[in-house]
Amino acid sequence: MRNRRSRTQVLTLLAAGAWLATTGGLWGADSVAFSGGRAFENLKRLVAFGPRPSGSPALVQSRRWIIQELRKTGARVEEDSFAAATPLGSLRMTNVIAKFPGLRPKVVIVAGHYDTKREEGFRFLGANDGGSSAALLLELGRVLGARKNALTYWLVFFDGEEALQEWSPADSLYGSRHLVQKLASRGDLARIQAMVLVDMIGDANLDIHREDNSTPWLMDTAFSVARRLGYAKYFLDTPIAIDDDHIPFVNAGVAAADLIDLDYGPNRSYWHTDKDTLDHCSPLSLTIVGRVVLETLSEIAKSPHVK
Ligand SMILES: [Zn+2]
């Protein structure tokens, strides 16, 4: 069956489209606010699955739950499975992609990883590192699904961000490297206008430094949004360069920015340790980053960089 629109509906849509094109804004359903509280509830749920390294039953279970939650938003949810060549042999990995079609087919990706680092000898829960990004994306999905969007959004949950043995170009970023390769091979990469990455943004003591491998105009956009929203003290101009899931996109010529807080605990002592737990994360940090990401999406829609 095919849904045909009446002429009046078409004209209304055209008018809305013209308005959206000039404002980059939204129309339709009442806008739903991003809730750090809800995002934190998502985080609790993810941590309850236990350590979630690539290939583990706990990651399969958390993926099932993530997909179930995403489907409630009305998004088209896809599993992007592939065989990753790792130092431990071939490993099945799966990215999750939730697509929210907008008025325009141009795509902006918001992404994060949902796997946690494989650790021997202690229980690595990855509340912040792997948990917070996935928890924030799920709440973003609730917001994006409840409104009409000017651009098309894809929320991407990467598998295999972490190294299985030791971080190297070959042993890291499995999910993002795979997705960029796949999009390029299908000629779909040109549709992607921008990619905003979040990582370790649940830190209760939030300080996001300007990440230096990111695309300058996109990072400028996010940082000026943060200042405008009154969050300057959490977004610091002193730069830091980090390898993360945005790198394969940057290397492929896609504008990408990584919002990451690597200063986790005194001297990073909570990073990749048994101290990466829920009590070192906060709903407020998730609220701050969630609001900055949403407002950055609005700015991207208005940006001259988006063709
Ligand atoms: Zn990590």
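Helices and strands are taken here as DSSP runs, numbered from the N terminus. The structure described is a predicted model.

The strands considered here belong to an open sheet of six, arranged in the order β1-β2-β4-β3-β5-β8 with mixed pairing. Its edges are formed by β1 (76–86) and β8; each of these has a single partner strand, so one side of each is left without a neighbour in the sheet. From one strand to the next, the twist averages 20 degrees.

Strand β2 (residues 89–100) and strand β4 (residues 152–158) run antiparallel and are joined by five bridges. In this pair, A98 has L155 of β4 as its bridge partner. By contrast, β3 and β5 pair in the parallel sense, again over five bridges, and β5 is joined to β8 by five bridges, these strands also running parallel. Residue V196 of β5 takes part in both of these pairings: V110 stands opposite V196, and A257 is the bridge partner of V196 in β8. Strand β5 is largely enclosed by the rest of the structure, because eight of its eight residues are buried.

Helix α3 (residues 57–71) lies across β1, β2 and β4 and runs at about 15 degrees to β2. Helix α6 also packs on the sheet, where it touches β5 and β8, and its direction makes about 45 degrees with that of β8.

Helix α8 (residues 283–302) comprises 20 residues and, at 1.5 Å a residue, should span 28 Å; the distance of 29 Å between its end C-alpha atoms agrees with this expectation. The buried residues of α8 are S285, L286, T287, I288, V289, G290, V292, V293, T296, L297, I300 and A301. Their spacing along the helix may be read against the geometry of an α-helix, in which there are 3.6 residues a turn, so residues three or four places apart point the same way. The buried residues of α8 pack against both helices and strands, namely α2 (36–48), α4 (127–145) and α6 (216–228) together with β3 (107–113), β5 (192–199) and β8 (256–260).

Two of these helices, α2 and α4, also pack against each other. Their axes come within 8 Å and cross at roughly 130 degrees, and the two helices are therefore oblique to each other. The crossing of α2 past α4 is right-handed. On the α2 side the contact is made by R38, A39, N42, L43, L46 and V47, and on the α4 side by A127, G131, S132, A134, A135, L136, L138 and E139.

Most residues other than glycine have a negative phi. In M200, however, phi is near 60 degrees, a positive value in a residue other than glycine. Residue M200 is located in the loop between β5 and β6 (208–211) and counts as buried because 30 C-beta neighbours lie inside 10 Å. A positive phi of about 60 degrees is also found in H272, which is not a glycine. Residue H272 is placed in the loop between β8 and α8. With 16 C-beta neighbours inside 10 Å, H272 counts as partly exposed.

Terms used. Residues numbered from 1 in each chain as written. Predicted model: local features only at pLDDT ≥ 70, side-chain atom pairs only at ≥ 80, totals over all residues. Helix = DSSP H or I, 4+ residues; strand = E, 2+ residues; numbered from the N terminus. Expected span 1.5 Å × (residues − 1). Buried ≥ 20, exposed ≤ 12 C-beta atoms within 10 Å, placed from the backbone. Contact = placed C-beta atoms within 7 Å. Pairing = 2+ DSSP bridges. Axes fitted to C-alpha atoms, helices over the stretch in contact; angles between N-to-C directions. Parallel < 35°, antiparallel > 145°, perpendicular 65-115°, else oblique. Left-handed = near helix turned anticlockwise from the far one by under 90°.
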